[in-house]
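Please keep the sequence and the structure in view while reading.

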Amino acid sequence: MRNSIPLIAIAALFAIGQAPLRSEAAGENKLEVFSWWTSGGEAAALNELFNVYKKQDSGVAIVNATVAGGGGSAARPVLQTRLAGNNPPDSWQTHPGWELLGQYVEPGYCEPITDLYKSNGWDKAFPKELVASLMTKDRKIYAVLAGVHRGNVLWYNTKLLEKNGIKVGNTMTFDEFLAACDKLQAAGITPLGLGDSGIWASAELFENTLLGVIGPKGWNDLFSGAMQWDDPKVKQAMNLFARMLNYVNPDHSAQSWDQAIKTLMEGKVAFCSMGDWADGEFLKANMKEKEDFGWVSHPGTDGSFIIVADGFTLAKDAPHKDAAVAWLKMVGSKEAQEAFNKLKGSIPARTDVDRSKFDAYHQWSMDSFGKDKLVASCVHGEAAPAAFQQALNDAVTAFVADKNVDNFANALVQAARDSQAMK
Ligand code: BGC
């Protein structure tokens, strides 16, 4: 990968964990895969993975263990309970970075899959820097990526903007965005769709806005402790976030992220700031790129790519180990990466896929991934430990209600102080 990922060697921060005692015996010819992919686009893409798997390993019955709720907010606690209770699925969805290494590898819940990287040529096919900085501990690799989402995308309803005389170019500044929102609001249209029944969706709007103000260098500084969460620039981002919240649909807290995307498709709202799993929803609904919906980097973030990658693990003492290894091999294959990502909105993590098989959005995202500054998402568990991720969600919940910048900043200063990662 051309750009260094601004993630210090996260792996080095973990102490060696004590593996819990395990009791499961190998079961029947099954494979249990755990994820939170239940929205229309997510489920369709997951099904593609299952289809490719079935072609290769036809005798195995797949148990599709999903827990609904965007961003995995509901799934992760269920998974933790299962892992702590010695009842793991064979393989589960994880974000690389702190989520993988801190929550699963460090307590000893995962088996390394370093050998698969060698035997399948993955050491050449996957971006080395990403694997080394986000998925490796003590020189062992613990997951294989299915795809890489771009978090900082602003989606829009093309026809609605046209009707209101708003043109979006190749990039967008905050001023341009706010001016467009004012115009829409004056015309009686809700400018910005939000579905934060899972608070992570608001946290994502903030994360994107924060990057737009502090830039990728500021991002590194913030998550390594060199910049403080009450820095004037961070507060500027908080103020901008508050302004954006003035433009959102009043029923945002009753809606999920994909319901918000649906309102964009229906022309009830004009914009949504959301990772490109939103593209999966557009595809599922047969919306036409550019004609029906368009996209641009979230204001101020052109030149940066917030990584929200999805990987799969191998459980320690997996109940169906052979089937699980076959699953991981399949996830890392070209065929699976092409089939899955086309529907999911993410781009293949492998860098050797046939680009011509992908649509314009994917091409745009692949270009961005190749040339832009890559930063890890905090909202999706990569850039900071779970406790900080939770503190951010809590602070955002309070801020959406009170819009108090000082309280917001102070809560995060405190959370960073409590965290081993940001000192
Ligand atoms: C995952 C995506 C998923 C999104 C919404 C993110 O955390 O990485 O795969 O589509 O959440 O559920």
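## Two helix pairs

The axes of helix H9 (residues 200-224) and helix H10 (residues 232-245) come within 9 Å and cross at roughly 160°, and H9 and H10 are therefore roughly antiparallel to each other, a label for angles over 145 degrees. Helices here are DSSP runs (H or I, at least four residues) and strands are runs of E (at least two), numbered from the N terminus, while axes are lines fitted to C-alpha atoms, for helices over the stretch in contact, with angles from 0 to 180 degrees between N-to-C directions. Contact means heavy atoms within 4.5 Å, and among the residues that make it are Leu205, Phe206 and Leu210 of H9 and Val234, Leu240 and Phe241 of H10. The residues of this contact divide into 13 nonpolar, three polar and one charged, where Ala, Val, Leu, Ile, Met, Phe, Trp, Tyr, Cys and Pro count as nonpolar, Asp, Glu, Lys and Arg as charged, and the others, Gly among them, as polar.

In a second pair, the axes of helix H1 (residues 40-56) and helix H12 (residues 277-284) come within 7 Å and cross at roughly 90°, which makes H1 roughly perpendicular to H12, a term for angles of 65 to 115 degrees. Here Gly40, Gly41, Glu42 and Ala44 in H1 meet Gly280, Glu281 and Lys284 in H12, and by class this contact has one nonpolar, three polar and three charged residues.

## Nonpolar cores

A nonpolar core is a set of buried Ala, Val, Leu, Ile, Met, Phe, Trp, Tyr and Cys residues joined through side-chain atoms within 4.5 Å, and buried means under 20% relative accessible area (1.4 Å probe, protein chains only). The largest core has 82 residues, of which Trp155, Phe223, Trp229, Phe271, Phe388 and Phe408 touch the most other members; its largest share, twelve residues, comes from H9.

## Positive phi angles

Most residues other than glycine have a negative phi. Asn86, however, has a positive phi of about 65°; Asn86 lies in the loop between helix H2 (75-84) and strand E3 (91-94) and, at 16% relative accessibility, counts as buried.

## About the model

This is a predicted model, in which local features need pLDDT of at least 70 and side-chain atom pairs count only at pLDDT 80 or more, whereas totals for chains, interfaces and linings use all residues. Residues are numbered from 1 along each chain as its sequence is written, and side-chain values use heavy atoms, with hydrogens and water left out.

Note on methods: Buried means under 20% relative accessible area, exposed over 50%, partly exposed in between (1.4 Å probe, protein chains only). Angles under 35 degrees count as roughly parallel, over 145 as roughly antiparallel, 65 to 115 as roughly perpendicular and the rest as oblique.
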